[in-house]
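Please open the structure in a viewer and keep the selection tool at hand.

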Amino acid sequence: MATALSALPLPALPSGWSAEKDFKAVGHLSSATQRNVEPVGPHFLAHARRKRHKRTFSEDERIEAQRNVKKVEDEDAGEISEPEDPMMLQRDAKDWKGQDHYAVLGLSKYRYKATEEQIKKAHRKKVLKHHPDKKAAAGNTEDDSFFKCIQKATEVLLDPVRRRQFDSVDERADVEPPAKKEAQKSWYKLWNKVFDSEARFSNKQPVPRLGDEKSTKEQVEEFYNFWYNFDSWRTFEYLDEDVPDDNENRDQKRHVERKNNNARKKRKTEDTQRLRKVVDDCLAQDERIKQFKKQESAQKNKKKLEREAAAKKEAEEAAKKKEEEARLAKEKEEAAKQEKAEGKKAKEAAKNAAKKNKRVLRGAAKDGNYFADGEASPAQIDAALNDTDAFIVKLDVDELARVAGALNGKTDAKEIKSVFVEEVKKLKTAGKVKDGEFKTLE
């Protein structure tokens with residue numbers, strides 16, 4: 001067990017203290033005991049292995065290295081297992097820019113999706129297999145060219161900036177657009193792979209998917225709007241021409257840098273145009289767009305028909321209303337004419353009745369002997385007729401009819417005169433006649 005050491009100074013001994021008189025033992029040491037010690041640890045195991053198999057140090061290291069390689073290969077077989085191209089094994093390490101770093105490490109199927117852990121594991125596997133010492137121990141030549149390719153690939157892929165530069169120009173990760181004659185069901189699957197490949201360059205994540213035939217119009221519009229306004233981080237520095245490190249030739253260095261910048265801009269423009277064409281081709285083949293256009297056209301036609309029907313209905317209602325107004329006006333006009341005719345008839349009838357009633361009153365004056373007691377003289381006749389006419393003028397139509405009704409059927413002169421006298425009294429009471437105005441009728 002480790003003993004903790006204090007950084008604080010020990011207290012000073014009291015003055016006058018001595019070991020002979022002041023020291024007191026608090027216990028006693030036990031007697032010595034003999035125990036067996038067994039050797040343990042990796043070094044003892046390696047020693048025991050060499051003794052058992054009668055190996056030298058170099059033989060044991062070579063055999064154990066081969067066993068470790070096989071163990072690593074067995075552990076990684078399910079994840080990183082890719083046959084090596086003989087031509088790739090003969091690559092010149094100086095041409096490292098032209099090599100496929102993912103293929104060198106056996107990560108072709110992963111490429112930009114490979115994780116840092118997978119890259120490290122693939123590197124360990126390749127190193128154990130292609131290390132120069134291992135080849136030398138196996139009796140092969142000490143050619144370490146491919147081993148340098150492995151180291152360079154790992155160096156590039158474990159550096160985020162350099163890996164992004166390599167991924168920008170990794171054409172082996174690209175997926176070619178499908179042919180136009182592809183079946184519609186597989187069309188979505190194939191084009192989704194294309195855009196999944198292109199999505200690795202997007203600054204905006206997550207990237208919308210192409211979807212399928214069940215996608216809504218809003219989802220499809222969002223997808224194409226995203227790709228027509230694609231924000232790409234893709235750069236092309238990896239293809240730059242090497243800038244000379246010679247500080248004496250500054251003009252040459254500036255020339256190469258300008259040349260690289262112009263080349264990057266040109267490649268960026270070409271890549272933007274390429275991606276735009278990919279999106280245009282996909283849009284042109286997308287059956288959903290055609291369906292949406294048909295639906296919009298049908299909707300527009302439906303609205304147009306609805307507007308026309310509404311206008312027609314409104315026109316019919318206006319015409320019907322106009323006809324109804326004309327009919328009512330005609331009926332009103334006819335009713336007015338009829339009322340006028342009836343009024344005219346009534347007026348004529350009233351006029352005729354008034355004439356008749358006047359004749360009745362005048363006839364009554366004659367039948368009443370002109371209101372005289374004996375034989376009426378011409379003067380009495382004129383006076384009675386004049387008073388009768390004046391009396392008739394004072395009466396309205398209703399009064400005239402009432403007086404004529406009262407006189408109807410009467411032949412006695414006294415009764416006839418009494419009717420006149422009574423009516424004159426009523427006119428006096430109403431203020432229409434003055435005293436002495438009708439001398440023959442009073």
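Select D159 to begin; this residue sits in the loop that runs between α8 (145–157) and α9 (160–168). The model is a predicted one. D159 is partly exposed, with a relative accessible area of 27%. Although 43 residues separate D159 and E116 in sequence, their C-alpha atoms are 9.8 Å apart in space.

**Loops with particular backbone geometry**

Proceed to R111, in the loop between α5 (101–104) and α6 (116–130). R111 is not a glycine, yet its phi is positive, at about 50°. Is the residue R111 buried or exposed? R111 counts as buried, because its relative accessibility is 7% and the limit for burial is under 20%.

Next, select K54, which is placed in the loop between α2 (42–53) and α3 (57–76). K54 also is a residue other than glycine with a positive phi, here near 55°. K54 is exposed, its relative accessible area being 74%.

The following selection is the pair Q205 and P206. The peptide bond leading from Q205 to P206 is cis, and its omega is near 0°. P206 belongs to the loop between α10 (184–198) and α11 (217–228).

**Salt bridges**

Side chains of opposite charge can pair when their charged atoms come close. How many salt bridges does the structure hold? The structure holds 30 salt bridges, and the next stops visit some of them.

Select R49 and D60. These two residues form a salt bridge in which the closest N and O atoms are 2.8 Å apart. R49 lies in helix α2 and D60 in helix α3, so this pair ties together parts that are eleven residues apart in sequence. R49 is partly exposed, with a relative accessible area of 24%, whereas D60 counts as buried at 4% relative accessibility.

Move on to R264 and D240. Their salt bridge has its closest N and O atoms 2.3 Å apart. Which parts of the structure does the pair R264 and D240 tie together? R264 lies in helix α12 (residues 250–285) and D240 in the loop between α11 and α12, so the pair ties together parts that are 24 residues apart in sequence. R264 counts as partly exposed at 27% relative accessibility, while D240 counts as buried at 13%.

The closest N and O atoms of K337 and E333 are 3.6 Å apart. The two residues are four residues apart in helix α13 (residues 287–367), a separation of about one helical turn. K337 is exposed, with a relative accessible area of 53%, and E333 is partly exposed, with a relative accessible area of 45%.

**Along helix α12**

At 1.5 Å a residue, its 36 residues should span 52 Å, and the end C-alpha atoms are 53 Å apart, which agrees. Then highlight the buried residues of α12, which are V256, N260, D271, L275, V278, V279, C282 and Q285.

**Surface patches**

Display the surface and select L13, W17 and F23. Together, L13, W17 and F23 make a nonpolar surface patch of about 370 Å². F23 is located in the loop between α1 (19–22) and α2. With a relative accessibility of 55%, F23 counts as exposed, because the limit for that class is over 50%.

For the last stop, select K347, K351, K355, K356, K358 and R359. What kind of charge do these residues gather on the surface? K347, K351, K355, K356, K358 and R359 gather in a patch of positive charge. Within this selection, centre the view on K358, a residue of helix α13. K358 is partly exposed, with a relative accessible area of 32%.

Methods:
Residues numbered from 1 in each chain as written. Predicted model: local features only at pLDDT ≥ 70, side-chain atom pairs only at ≥ 80, totals over all residues. Heavy atoms only, no water. Buried < 20%, exposed > 50% of the residue type's maximum accessible area, 1.4 Å probe, protein only. Salt bridge = Lys/Arg side-chain N within 4 Å of Asp/Glu carboxyl O. Expected span 1.5 Å × (residues − 1). Patch = residues over 30% accessible without salt bridge, like charges linked within 9 Å, V, L, I, M, F, W, Y side chains within 5 Å. Areas by Shrake-Rupley, 256 points an atom, 1.4 Å probe, with all protein chains shown as cover. Lys, Arg positive; Asp, Glu negative; His and termini not counted. Charge placed at Lys NZ, Arg CZ, Asp CG, Glu CD.
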